[in-house]
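Thanks, everyone, for making time this morning. I would like to walk through one model with you, so please have a look at it before I go on to the details.

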Amino acid sequence: MINLHRFDLLTLRLYIVVVDAGSLTAGSRALGLSLAAASKRVAELEQHCGVHLLVRSKRGVVPTPAGQSLYHHAVDVVARLEQLALAIDDFRGGATGQLRLWANASAFAGFLPQLLADYAAAHPGVSVDLEDALSEDAARAVLSGAAELAIVGENTALEGLHAEVCDVDELVLVVPRGHALDGPDHAPVPFAAALEHDLVSLARSTSLMRRIAAEAEAANRPVKVRIQVRSFDAMCHMVSVGLGVAILPRAASLPHVVTRALRLRPLSGIDTRRRLLLAMRSPAALSGPAQALVDMVQARAAAMDFNRPAR
């Protein structure tokens, strides 16, 4: 049996950095250790575990299967300890609790800022640890314990997490004024017609882009991505200068309609509802601050009737 008392935080942090960098030299430099001291710590870690953790070569180091397993657990342990330290610091500063929330770009561009403003007004003593992340990363943060709650796209793999609808928006086509697809705001554009034009998009790994790609595949149409950017604001800017059209949640598009001379057109031929989910490990195990946010989300969902059938 491995003696747990022989694991120390500095060595685990060093091991994580070494694996990430693929180099003992880079790992030692990042933590301000000499190469000899870093090598000694890693060797002692391998000796304590009783297995080889790294394969060393002239190109650097890569983890063995055992080393990869240790790496994933070490990331979880270090993340939880860092969250513990942040939580205690918050309490020392006068906080009455901590909310740890990760959310995707759609949430930040839509309903989340106002929700958090309402939450802060109702719970002024709670410190909010908020992270902007891809949906998959946000879900993994909940699984690892780095976050207690995550807001993600509905097409995100949740691996057994409990989830419920926290927002529903409409996907719309964003075009510059005077574009071939410009027209009356109430007249829908067929999804297939939109795909005939170059698209400005987020990265293909985002939940929104995966949704668009899946709809295109179902329609047996290619997606012609001309340029990928990292924010909704950048997408609207690219559309406004004529680099393509975009498919975005309406809430994320509205702030840019006037400032960038854009037109929002409804889409037909696909289900345009864009659902966001609030994910958590177990509703029964939530902290007080997290439960308070869940209660607010549930009240909002009930008031807006998110579960009503599509028209």
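Predicted model: local features only at pLDDT ≥ 70, side-chain atom pairs only at ≥ 80, totals over all residues.

Let me begin with helix α1, which runs over residues 9–21, and whose 13 residues reach 18 Å from the first C-alpha to the last, close to the 18 Å expected at 1.5 Å a residue. The buried residues of α1 are T11, L12, L14, Y15, I16, V18 and V19.

On the α1 side the contact involves L10, T11, L14 and Y15, and on the α3 side A38, R41, V42 and L45. T11, L14 and Y15 are also among the buried residues of α1.

Turning to helix α12, residues 288–304, I would pick out L293, which lies within it. Is L293 buried or exposed? With a relative accessibility of 1%, L293 counts as buried, because the cut-off for buried is under 20%. Leaving aside residues up to four places away in sequence, L293 touches L99, L101, L115, L116, Y119 and L149. As for A85, it is 208 residues from L293 in sequence, and the two C-alpha atoms are 22 Å apart in space.

On the cysteines, the count of disulfides comes to 0. C49 counts as buried at 18% relative accessibility, and C236 counts as buried at 1%.

E159, although it is not a glycine, has a positive phi of about 50°; it sits in the loop between β5 (149–153) and β6 (162–176), and it is exposed, with a relative accessible area of 62%. A261, again a residue other than glycine, has a positive phi near 55°. A261 is found in the loop between α11 (250–253) and β11 (262–268), and with a relative accessible area of 37% it is partly exposed.

That is where I will stop, and I am happy to take questions.

Definitions and conventions
Residues numbered from 1 in each chain as written. Heavy atoms only, no water. Helix = DSSP H or I, 4+ residues; strand = E, 2+ residues; numbered from the N terminus. Expected span 1.5 Å × (residues − 1). Buried < 20%, exposed > 50% of the residue type's maximum accessible area, 1.4 Å probe, protein only. Disulfide = S-S within 2.5 Å. Contact = heavy atoms within 4.5 Å.
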